[in-house]
Amino acid sequence: MALLQIAEPGMSSAPHQHRLAVGIDLGTTNSLVASVRSGTAVCLTDAQGRALLPSVVRYHSSGAVDVGDLAQQSQAEDSRNTIVSVKRFMGRGVSDVAHIENAPYDFVDAPGMLQIRTCAGVRSPVEVSAEILRVLRARAEASLGGPLVGAVVTVPAYFDEAQRQATKEAARLAGLEVLRLLNEPTAAAIAYGLDHAVEGVYAVFDLGGGTFDISILRLTQGVFEVLATNGDAALGGDDFDHRVFCWLLEQCGLHQLGPRDTRLLLTKAREAKEALTLHASARVTAQLDNGEVIEATLTSEIFTDITRTLVQKTLAPTRKALRDAALQVSDVKGVVMVGGSTRMPQIQQAVGAFFGCEPLNNLDPDKVVALGAAMQADVLAGNKAAGDDWLLLDVIPLSLGIETMGELVERIVPRNSTLPVARAQEFTTFKDGQTAMRFHVVQGERERVGDCRSLAHFELRGIPPMVAGAARIRVMFQVDADGLLSVTAREISTGVEAAVSVKPAFGLADEDISRMLRDSFEHAKEDMHLRALNEARVDAQRLIEAVHSALEADHELLESEERAAIDCRIEELQSAMKSEDHRAVKTATDALNRVTDTFAARRMDRQVAQVLKGRRVNELDF
Amino acid sequence: MSKTNAAAEKVLTFKPTAALTRCVWRVAAMSTPFDATSAALDHFALFGLPQRYAIDQRALEQSYRDVQTKVHPDRFAQASAAEQRVSLQWATRANEAYQTLRDPLQRARHLLELRGVDCGLETNTAMPADFLMQQMQWREALEEACDDRDLAALEQLAQELAQQTSARLQHLAQHLDGVRDDLAAAGELRCLIFMQKFSLAIDDAREGIEGHA
Ligand SMILES: Nc1ncnc2c1ncn2[C@@H]1O[C@H](COP(=O)(O)OP(=O)(O)OP(=O)(O)O)[C@@H](O)[C@H]1O
Ligand SMILES: [Mg+2]
């Protein structure tokens, strides 16, 4: 029997087919891809059955690239061209990265983001990350048996704009449609919350290989609400390794190691650290390049001692997160432990002591983030029926502001604002007749511009000449659900339109991006034109489906001419799709999008009005 | 306090327009920003709540969730660009409204704005003389406690502040919902906002001391 199905907004009413979507945990040390299969999230494995892909990329002069275990094995042998922990470099300049002198790479400092000179050429951290993502994408497509509609890619909650933007760029480069950037602790909370059907306030303590996040969430039926988040985007297992490494140097009286020895000892340090989770002491032996053999024994006591300050460093952000959430330790029902580094006994102990309760370790700390991301991807792909899905409310981790007189920061969007968020602030001119204004957008909690991260400079020109202080320039910050910012400025006192919209690109110029895309195609031996055409067609098809289902549900919101205009654009798009010209497809897609603007707005008005039906509503217009 | 009020004007550093060298940015297509922060919006109406200070927190929370469930961008990940844009605007507005109504001081301020009363938060710094005296005493107490690294004194100060805050909040509620006196309410609000900032300063001081313990 054919019943007419009424689609939920944004969901296709086409006979329901499962859309292939994945969650990807792009980790400092390990990366994973997971997907929901017959209702359950599972990590997808490689041909050998391994879920964890070491986040290691090796470049060969031939142009070949190894990713994962193979690359990891060659770390010491070819350390210059084997990039580990690349996540630490995302959206970062040379001066931003701690202990960079120990990294055996030939860095090129570029504005916004450093690059690495390898035997295969200069590579941006974005490109290195894209190599990892490409392998995961191929794994997923092979395992799920088809092209993906998109991926949820996780980022540390404490990642700033530059780091998020870089991650999204990497995914784009790997040919992934990013459904959402999802914060890692939030992903863990989804997996935990759904698995255990818990309600109340929970903390997620995520200490991975290179980053630390603490998030406080309220879980209620069908809603995951992040109350506050804090952390340290440069604190993780790598730093513990580094402490052990320094201790080894001191014990063995070593100085000035070559890149190979440095890599070797860092690896040994990590092995010793991991061994101490189960044993009271660990022996380290290694043969250096010059034949010298070193030996040392690391005990738990020494290890705890030399890493005490690192453990302490996790507690200050934890305190701040609680304070921002306006909660006490006693309000927290449980602490979910995530990330390989939470296996360390001293971390378990410190967290237990701080919260006064046993930490929750019942999920695999390596996999939980990827699993949560897969669950969210399933929702975003529209695979879940309404009522069966959930609402996720996340926050922006760091405040956004603008530089004002005296190199001070005027905060515009405060940290921990629920996303999406928009805030406006008015500024005025400083001199008579001033016709242009220069804006400097920054992120961070400090008052001085120099102590915050610089995100972008932009200018507003064409301000009508007026006396100082008369112009009214309204600067608007909009942060979307991915936590990404766009800024708009306009002069409003005269009604003269002078607006620019900027998206900070953080050191990646458009030319850079096109070069990377070109390189990646050559590398993947794909036909760039074919891929562009395919992508345009997929986008077009998706749009047509979305419009059809909207029309089916709400056609009575349209006058007949409006309806005719939409139908006409659909037809145009359908015929453009038959052509081989991806630009024509794109143009027709944009045209269909434009012609449905008002329709979209009316549909949403109606949705909201329905929510409030029965309640007193005075006015609902903007 | 967030600065959503258009009244505040900040002077920007003016640097002569020069070629941009350090940072690269892309200029996107000109767009008309949807203004989720204009004071003219009635946040109470959005959630179907009566326009008054006393609020039914549970009804507010429920309405907020119901609205977000319909409009949140996560519901439109597969939708057309037009629908995604509308969704972003609505979800932004719902968040703004919810955050404003949830916080007593912001709610009071919004209510006064809807009633056409200028709270004078940025311009009118006039406070009653006795409150100014009180401010001075508090500031001194804070400085002293910081110098002595005296957590107990800070705790006591925080408690005193909390007590006075709740007393003033009651006055505020009376002025707004009872025998209406919007100007008196605006005066209370200015004092309360000072107290809120001061209580953050106490927290900072506490954190500074605990952090170095
Ligand atoms: N038994 C163990 N004891 C101590 N540390 C461990 C143990 N097992 C794994 N680790 C550490 O956990 C880290 C990797 O954890 P994980 O895979 O969660 O990080 P990641 O997700 O790659 O990084 P991030 O989330 O910071 O980007 C490494 O530093 C590793 O040494
Ligand atoms: Mg991780």
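1. Glu140(B) is placed in helix H5 of chain B, the helix that comprises residues 129-147. In this predicted model, Glu140(B) belongs to a surface patch of negative charge. The patch also contains Glu143(B), Glu144(B), Asp147(B), Asp148(B) and Asp150(B).

2. The ligand is surrounded by 20 residues, and the closest are Thr28(A), Thr29(A), Lys87(A), Glu274(A) and Thr277(A). Helix H6 of chain A (residues 259-275) supplies the largest share of this shell, namely 3 residues.

3. Which atoms of Thr28(A) and Thr29(A) approach oxygen atoms of ligand 1? For Thr28(A), a polar side-chain atom lies 2.6 Å from an oxygen atom of the ligand. For Thr29(A), a polar backbone atom is 2.6 Å from a ligand oxygen atom. Gly209(A) likewise presents a backbone N or O atom, at 2.9 Å from an oxygen atom of ligand 1. Of the 650 Å² of accessible area that ligand 1 has on its own, the protein covers 93%.

4. Side chains of opposite charge can pair when their charged atoms come close. Over all chains, the count of salt bridges comes to 56. One of them is formed by Arg343(A) and Asp366(A), with 2.9 Å between the closest N and O atoms. Arg343(A) lies in the loop between strand S18 (334-338) and helix H9 (345-355) of chain A, while Asp366(A) lies in the loop between H9 and helix H10 (368-380), so the pair ties together parts that are 23 residues apart in sequence.

5. Two points of backbone geometry in chain A should be noted. The peptide bond that joins Leu419(A) and Pro420(A) is cis, with omega about -5°. Pro420(A) is located in the loop between strand S21 (408-413) and strand S22 (421-428) of chain A.

6. Ser85(A) is found in the loop between strand S7 (82-84) and strand S8 (106-108) of chain A.

Technical notes:
Residues numbered from 1 in each chain as written. Chains lettered and ligands numbered in written order. Predicted model: local features only at pLDDT ≥ 70, side-chain atom pairs only at ≥ 80, totals over all residues. Heavy atoms only, no water. Patch = residues over 30% accessible without salt bridge, like charges linked within 9 Å, V, L, I, M, F, W, Y side chains within 5 Å. Areas by Shrake-Rupley, 256 points an atom, 1.4 Å probe, with all protein chains shown as cover. Salt bridge = Lys/Arg side-chain N within 4 Å of Asp/Glu carboxyl O. Lys, Arg positive; Asp, Glu negative; His and termini not counted. Charge placed at Lys NZ, Arg CZ, Asp CG, Glu CD. Helix = DSSP H or I, 4+ residues; strand = E, 2+ residues; numbered from the N terminus. Near = heavy atom within 4 Å. Polar contact = N/O pair within 3.5 Å; in protein donor to acceptor, adjacent residues only side chain to side chain.
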